[in-house]
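Okay, thanks for coming, everyone.

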Amino acid sequence: MRYLAAYLLLQIGGKAAPTADDIKSVLGAVGIDADEERLSKLLSELEGKDVSELVAEGSAKFASVPSGGGAAAAPVSGAGAGGGAAVEAPKEEEKKEEEAESDDDMGFGLFD
């Protein structure tokens with residue numbers, strides 16, 4: 001990921017086709033040693049491709065990935081019959097959270 005980030009930074013900075021040496025210098029500026037194998041693999045996969053198009057393709061792929069939002073809708077639709085029980089449940093959870101928070105500092109406060 002760091003190699004791709006350096007590649008994109010160089011492109012944003014105006015370098016149309018960053019080289020391995022360019023990426024090494026960006027990584028070296030923050031104290032990261034470049035792995036030749038990973039760097040050459042990245043450059044070979046990006047060679048001749050437009051990064052803007054790759055980002056657009058990736059965004060389209062992410063749009064088709066389910067985000068898990070559909071599972072939360074099921075319990076909400078069935079809450080009409082047992083609405084009273086559903087209201088009491090969060091109160092119990094709040095009590096449990098308060099007890100857990102009091103144990104976090106183990107009797108020592110930051111400013112005591």
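Quick definition before we start: axes are lines fitted to C-alpha atoms, for helices over the stretch in contact, and angles run from 0 to 180 degrees between N-to-C directions. Helices are DSSP runs (H or I, at least four residues), numbered from the N terminus. What you see is a predicted model, where local features need pLDDT of at least 70, side-chain atom pairs count only at pLDDT 80 or more, and totals for chains, interfaces and linings use all residues. Residues are numbered from 1 along each chain as its sequence is written, and side-chain values use heavy atoms, with hydrogens and water left out.

Let's begin with helix α1, residues 2–12, and helix α3, residues 36–46: their axes come within 10 Å and cross at roughly 55°. That makes α1 oblique to α3; angles under 35 degrees count as roughly parallel, over 145 as roughly antiparallel, 65 to 115 as roughly perpendicular, and the rest as oblique. The crossing of α1 past α3 is right-handed, meaning the near helix is turned clockwise from the far one by less than a right angle. Who touches whom? Contact here means heavy atoms within 4.5 Å. From α1 we have Tyr3, Leu4 and Tyr7, and from α3 there are Arg38, Leu39, Leu42, Leu43 and Leu46.

Next pair. α1 and helix α2, residues 20–29, pack at about 105°, with axes 9 Å apart, and are therefore roughly perpendicular to each other. On the α1 side the contact uses Arg2, Tyr3, Ala6, Tyr7 and Leu10, and on the α2 side Asp22, Ile23, Val26 and Leu27.

Then α2 and α3: here the angle is about 125° and the axes are 10 Å apart. That makes α2 oblique to α3, and their crossing is right-handed. Ala20, Ile23 and Lys24 of α2 meet Glu36, Leu39 and Leu43 of α3.

Last stop, the pocket. On a 1 Å grid over the protein atoms alone, where a 1.4 Å probe fits, a pocket is an open set of points with protein on both sides within 12 Å along at least five of seven lines, and lining residues have an atom within 4 Å of a point. So how much space lies in the largest pocket? About 170 Å³, where a volume is the space filled by probe spheres set on the points, with grid points joined across faces, edges and corners. Its lining is Met1, Tyr3, Leu4, Arg38, Lys41, Leu42, Glu45 and Leu46. α3 gives the most to that lining, with five residues.

Note on methods: Helix = DSSP H or I, 4+ residues; strand = E, 2+ residues; numbered from the N terminus.
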